[in-house]
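Student: I have a structure open and would like to learn how to read its features one at a time. Where should we begin?

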Amino acid sequence: MQTATNLRTVIQSRQITPSACKLSDSEIYSRKRKFVKAAMSVIPEFTIDESNRQLVADLFNYFNGIEGRYDLHRGLWFYGDIGTGKSSLMRVFAEYLRLGFNGFKIHICDGVSNDYSRSGNLDEYTYNQYGYIGEPVWMCFDELGREAIPANHFGTKLNVMQHILHIRYSLWQSQRLKTFVTTNCDPLQIETLYGDFIRDRIREMFNVILIEGKSRRR
């Protein structure tokens, strides 16, 4: 594993390549330094090793609008075993973008489901008409598949994340609004929980990325 010092070395080297883009070399270097700052502030023990080096490089390009492995017009769908770093990667890149005043919130799906049970209102996670900017925003839904299904608001039962993903798919079609998801569920489990409509649109709406490797949890 890389130490914090080695992490800086990796980021500052050509391990994360600028690819073909309009950013200058100095701007790329500056953004790499910001990424290191974000990673160290969110997860001091964050490491880059052989199992995630290429993934981090590709995600760095993606979040900087640099064409590469991932389609810049689609969101991200992380799936894989527990402890492989899916949520950690989202937290790091959310903080990295926040340093440029363009971050996104991460919502744990179980909390979203509980929110519906309390209030019956999902506007914050969909159209965001009553939010600060009054329009839909980028958002990450963490641990999809671990929430209560259905949620119950005074007798009105709803598969909350199915409903949200359906609406956000429509927003992606009309506005290219990005959504990010982390889940331990495989495609068959997703179909079982949310139906074939959601399953069929995942590859259309998302860059689907299998996160592999040994557990990073200690």
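This is a predicted model: local features need pLDDT of at least 70, side-chain atom pairs count only at pLDDT 80 or more; totals for chains, interfaces and linings use all residues.

Student: Over how many bridges do β1 and β7 pair?

Tutor: β1 and β7 are joined by 5 bridges in the parallel sense.

Student: How should I read the nonpolar core, and which residues have the most contacts inside it?

Tutor: A nonpolar core is a set of buried residues of the nonpolar kinds, joined through side-chain atoms within 4.5 Å. The largest one here has 30 residues, and those with the most contacts inside it are Phe46, Leu59, Leu76 and Leu89. At least two residues of this core come from each of α2 (25-42), α3 (53-63), β1 (75-79) and α4 (86-98). α4 gives the most, with 7 residues.

Student: What does Leu59 touch?

Tutor: Leaving out residues up to four places away in sequence, Leu59 touches Tyr70, Leu76, Phe78, Leu89, Phe93 and Ile209. There is also a second, separate core of 25 residues, and among its members are Leu122, Met139, Leu165 and Val181.

Student: What share of the chain is buried?

Tutor: Of the 218 residues in the chain, 45% are buried. For contacts with a separation of 6 or more, 75% are between residues 24 or more positions apart.

Student: Now a helix. Which residues of α6 are buried?

Tutor: An α-helix has 3.6 residues a turn, so residues three or four places apart point the same way. In α6 the buried residues are Val160, Met161, Ile164, Leu165, Ile167, Arg168, Tyr169, Leu171 and Trp172.

Student: What span should α6 have, and how far apart are its ends?

Tutor: Helix α6 covers residues 160-175, which is 16 residues, so at 1.5 Å a residue it should span 22 Å. The C-alpha atoms at its ends are 22 Å apart, in agreement with that. Just after α6, Arg176 takes a positive phi of about 60°.

Student: Is Thr126, a loop residue, buried or exposed?

Tutor: Thr126 counts as buried because its relative accessible area is 5%, and the cut-off for buried is under 20%. Its place is in the loop between α5 (109-119) and β3 (139-144). Not counting residues up to four places away in sequence, Thr126 touches Pro136, Ile164, Ile167, Arg168 and Leu171. A polar atom of the Thr126 side chain lies 3.0 Å from the backbone oxygen of Leu122.

Student: What about Asn128: where is it, and what is its phi?

Tutor: Asn128 is found in the loop between α5 and β3. Its phi is positive, about 55°, although Asn128 is not a glycine. Asn128 is buried, with a relative accessible area of 9%.

Student: Why does Phe154 count as exposed?

Tutor: Phe154 counts as exposed because its relative accessibility is 76%, and exposed means over 50%. Phe154 has its place in the loop between β4 (151-153) and β5 (156-158). Phi of Phe154 is positive too, near 50°, in a residue other than glycine. The C-alpha atoms of Phe154 and Ser119 are separated by 9.5 Å, and the two residues are 35 residues apart along the chain.

Student: One last backbone feature. Which residues does the cis peptide bond join?

Tutor: The cis peptide bond joins Ile149 and Pro150, with omega about -5°. Pro150 lies in the loop between β3 and β4.

Definitions and conventions: Residues are numbered from 1 along each chain as its sequence is written. Side-chain values use heavy atoms; hydrogens and water are left out. Buried means under 20% relative accessible area, exposed over 50%, partly exposed in between (1.4 Å probe, protein chains only). Helices (H or I, at least four residues) and strands (E, at least two) are DSSP runs, numbered from the N terminus. Contact means heavy atoms within 4.5 Å. The expected span of a helix is 1.5 Å times one less than its number of residues. A polar contact is a pair of N or O atoms within 3.5 Å; within protein, one must be able to donate a hydrogen and the other to accept it, and residues adjacent in sequence count only if both atoms are side-chain atoms. Two strands pair if DSSP finds at least two bridges between them.
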